[in-house]
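Please consider the structure shown below.

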Amino acid sequence: MEHKIKMEERGMSREAVESLLQEKKRKDLAYEKILSSMCTYPHEIAAYAYKMFLESNLGDSGLFRGTKEMEDEVIRMIGALLGNEKAFGYVSTGGTESNIQAIRAIRNRKRKEGLSEMNIIVPETAHFSFDKIADILCIEVRKAALDEQLRVDVNSVESLIDDKTIGMVGIAGTTEFGQIDPIKELSVIAKEKGIFLLVDAAFGGFVIPFLEERYEFDFSLEGVSSISIDPHKMGMSTIPAGCILFREESYLDELAVPTPYLTTKGQFSLIGTRSGASAAATYAVLKYLGREGLKEIVSECMKLTRMLVSGAKAIGVSPVIEPVMNVVTLSFPAAEVERVANALEERGWRVSITRVPKALRLVIMPHVKEETVKLFLEDLAEVV
Ligand code: PLP
């Protein structure tokens, strides 16, 4: 096919480029009516820091020492939030990279020990990044069944373990239902059998510590080896900002390759050149908000979540599970859910549909306001 759009020989004027950008921007959706995404507007201070450190490259961190200090402090702050201020890790591009790296670390270790065939066990609700992991790391990913509350069934996990099992994954905030797996039970099994345990808290990591109800899910559980948590979701940072943490530094060594011509001896990140701006943005927003600010954001999201659920119940629509965090899934007869989703989309809402059971999925991110929930409920009532 012939390319119709090519780079011109001569550049355009600044005004012309700006107007092209405006035109493209108008085609993007604003977040206000988006209820299908786990991303949101970054906090203003995160955007400020991002711009300030735009050119900073953490892939060659000896050149950007200030940025590197911020990354190290982000790891300490998030480690402390998750029960271990001495955790080791780095600011990644998001949950996918963090999950890949955690499993890659244990895969590499076991490969050195002579294991060639390996498997990990994940809940059926695991994020699709684990399908990528199976492909990239050439390991089997076994899917454990769920209980009636859509948490992983620990008996199913145990039944899948064999002598080739190198890792287990528990999810603290499932992508589709916002449910928390029984991490404490998984941690006991991990400890007993000497199996690596990754907690995928990409979404829930910045939610669970601030909920009224207490859940055990982090490094305070001895069997937890690694945690994946995303500042670019509920951490109010800019995209891309994830974070991978390990209890032991030696797991970072499993990931390292030598970098002869750079300012550092080795590199353990998956990405080579990587954004220092993301680390700066995350540092700035965590410093600015503190735990109190993050808690306020979660409390507001949870208030609106409750409001949405009680409004839905009032019009005869029940949630699949009572929301644990700011993710609401609403039950409809299988044939009905697509019609409802389409009708809502016609009214400008962006919603999504879960796989099993099929349900309407709504994520109540910080861009959702009380007025938004009221308008949504009015539309839902009409559509239903
Ligand atoms: N893990 C969980 C639980 C998620 O919800 C997501 C994304 O929604 C990911 C991992 C992947 O994160 P990312 O899209 O930032 O790579």
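The model is predicted, so local features need pLDDT of at least 70 and side-chain atom pairs count only at pLDDT 80 or more, while totals for chains, interfaces and linings use all residues. Residues are numbered from 1 along each chain as its sequence is written, and side-chain values use heavy atoms, with hydrogens and water left out. Helices (H or I, at least four residues) and strands (E, at least two) are DSSP runs numbered from the N terminus.

Two packed helices are described by the angle between their axes and the distance between the axes. Helix 3 (residues 65-81) and helix 9 (residues 276-314) have axes that come within 9 Å and cross at roughly 45°; axes are lines fitted to C-alpha atoms, for helices over the stretch in contact, and angles run from 0 to 180 degrees between N-to-C directions. Helix 3 is therefore oblique to helix 9 (under 35 degrees is roughly parallel, over 145 roughly antiparallel, 65 to 115 roughly perpendicular, and the rest oblique). Residues in contact (heavy atoms within 4.5 Å) include Met70 and Val74 of helix 3 and Leu286 and Arg291 of helix 9.

In helix 10 (residues 334-346), Val337, Val340, Ala341, Ala343 and Leu344 are buried (under 20% relative accessible area; exposed is over 50%, partly exposed in between, with a 1.4 Å probe and protein chains only). Because these residues cover an arc of only 165° around the axis, they lie on the same side of helix 10; the arc is that of the directions from the helix axis to the C-beta atoms. The face turned away from this buried side carries the exposed Ala335 and Glu346. Strand 12 (359-363) and helix 11 (370-383) are among the elements that cover the buried residues of helix 10. Just after helix 10, Gly348 takes a positive phi of about 95°.
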